[in-house]
Amino acid sequence: MTTNSPSIEARKAESVSETLTVTDNRTGKSYELPIQEGTIKAIDLRQIRVDDEDFGLMTYDPAFMNTASCRSAITYIDGDRGILEYRGYPIEQLAEKSTFLETAYLLVNGKLPTRSELDLWIHDVTHHTLVNEKIKTLIEGFRHDAHPMGVLASMTAALSTIYPDARRVDDPEVRMLTMVRLIAKMPTLAAWAYRHMLGLPYIYPDNDLSFTGNFLSMMFRMVEPKYQANKAVEEALDVLFILHADHEQNCSANAMRAVGSSRTDPYSAAAAAIGALYGPLHGGANEEALRMLRQIGSVENIPDFIKKVKSGEGRLMGFGHRVYKNFDPRGKIIKRMADQVMDVTGGNPLLDVAVELERIALEDEYFVDRKLYPNVDFYSGLIYEALGLPAEMFPVLFAIGRTPGWAAQWNEMIQDSDQKIARPRQVYTGGRELDYAPIASR
Ligand code: CMC
């Protein structure tokens, strides 16, 4: 939740009342509602009624445009200033100095690890990368052209049947083991979904490799006894995972929390989060952005394409964000990474289209007025393509990166005494007390 604590403190010092006075013009009554951390409690509005029969006032907020659904100490975003911090650490520093597994530890445990804590964490994640052999049989049941994101969601849900103990969500040790398993097994499931698509044999994890190196090995190893990824490529992908690791109350984190709030096991909740991420307005946007660049094809087609977007024929995928209204700090880092990766892999002609599209869009009144900037998905697809990955795998890579964030958000929700089962209210707009008519007389 983004708050302005220093100014709140300053106002407290001047003994300004931290309340909101609301007058209900239907009754003439006034109510004083406490303001805490820049919010009023929606439930405090319930006391505002016209008479004893009245249910009480509610807020109407489709898509949670202005509703904080939780208090959280995991990720801070200032959308106007383009700031993103995990547990207080700026994303730029983590991208430059940390590793994905260290960042995952930070998100889940709330602090940077000591050397021995990190070694133990890496050991634990590395030793949980294997998945039950039955998972292979399940993957075999999918059609050869099954989208790997659908396979990933299904296999993640299937893990709940292999680890039924994960239902014991009130036990901190069980929770930690499940979070480690989720982070560790996601690359294995992802790589196997990919190999299934290509009809290639599944590659088992190699414990000598780093988290990201092992993922690349499970993706690309053929008959060689050992696969060593190109170091620059491995590091670039590790940074991409860091950039995707959490993003506070986004659609999939919200799904993870909402489903987890029924106190189901976290594998089932993570399957729901993967489903949310699959959508083209969320994690599926990187796949769509690349398809869009392919469809544009070359720089001279950009003006026509922009004209179509402005007239309402589709969206500029990889542009815009619910929270960032200045720039997406992840987008800036990713653009730099794209150049770095292309140096190794030999470039991608679509990069020229992307750079020119960004330039034109950033000068265009339509995009400027609506504060639409390139987001994390605009350049990531180009990097993934340069790594030789098909577009279907892009949201899957997003899911691997986002798993520590989902785990941390879920773990925080389970321990939050303010939380209950997620159950929004509605404004009912349908008919009432109709008389059932027999089918012959309708
Ligand atoms: N291209 C063209 N117009 C756009 C775009 C876009 N990418 N995004 C928003 N708009 C327009 C939209 O039509 C609306 O215009 P008007 O006011 O004239 O009706 C205005 O901008 C506001 O749009 P909105 O849909 O109310 O904004 P939102 O905050 O609900 O949506 C968004 C945010 C990310 C869903 C949206 O910008 C979008 O669809 N972007 C393309 C998909 C995309 O890149 N998604 C990845 C998001 S970042 C990764 C992640 O966290 O998942």
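Reader: How are α14 and α17 oriented to each other?
Author: α14 and α17 are roughly parallel, which means an angle under 35 degrees. This is a predicted model, where local features need pLDDT of at least 70, side-chain atom pairs count only at pLDDT 80 or more, and totals for chains, interfaces and linings use all residues. Residues are numbered from 1 along each chain as its sequence is written, and side-chain values use heavy atoms, leaving out hydrogens and water.

Reader: At what angle do the axes of α14 and α17 cross?
Author: Roughly 15°, and the axes of α14 (residues 329–345) and α17 (residues 376–386) come within 8 Å. Axes are lines fitted to C-alpha atoms, for helices over the stretch in contact, with angles from 0 to 180 degrees between N-to-C directions. Helices are DSSP runs (H or I, at least four residues) and strands are E runs of at least two, numbered from the N terminus.

Reader: Left-handed or right-handed crossing for α14 and α17?
Author: Left-handed. That term applies if the near helix is turned anticlockwise from the far one by less than a right angle; clockwise is right-handed.

Reader: Which residues of α14 and α17 meet?
Author: On α14 they include Ile-334, Met-337, Ala-338 and Val-341, and on α17 they include Val-376, Tyr-379, Leu-382 and Ile-383. Contact means heavy atoms within 4.5 Å. By class, this contact of α14 with α17 has 10 nonpolar, three polar and two charged residues. Ala, Val, Leu, Ile, Met, Phe, Trp, Tyr, Cys and Pro count as nonpolar, Asp, Glu, Lys and Arg as charged, and the others, Gly among them, as polar.

Reader: Next pair. How do α7 and α18 run relative to each other?
Author: Roughly antiparallel, the term for angles over 145 degrees. The axes of α7 (residues 172–198) and α18 (residues 394–415) cross at roughly 165° and come within 9 Å. Their crossing is right-handed.

Reader: What is the class make-up of the contact of α7 with α18?
Author: It divides into 13 nonpolar, three polar and one charged. Among the residues that meet are Met-179 and Leu-182 in α7, and Ile-400 and Trp-410 in α18.

Reader: And α10 with α11, what angle?
Author: About 150°, with the axes of α10 (residues 251–260) and α11 (residues 266–278) 8 Å apart. That makes α10 roughly antiparallel to α11. The α10 and α11 crossing is right-handed. The contact of α10 with α11 has 11 nonpolar, three polar and no charged residues.

Reader: Zooming out, how many helices and strands are in the chain?
Author: 18 helices and five strands.

Reader: How is the chain divided into domains?
Author: Into domain 1 (15–59) and domain 2 (77–417), with bounds from an automatic or database domain assignment. Their C-alpha centres lie 41 Å apart.

Methods:
Parallel < 35°, antiparallel > 145°, perpendicular 65-115°, else oblique.
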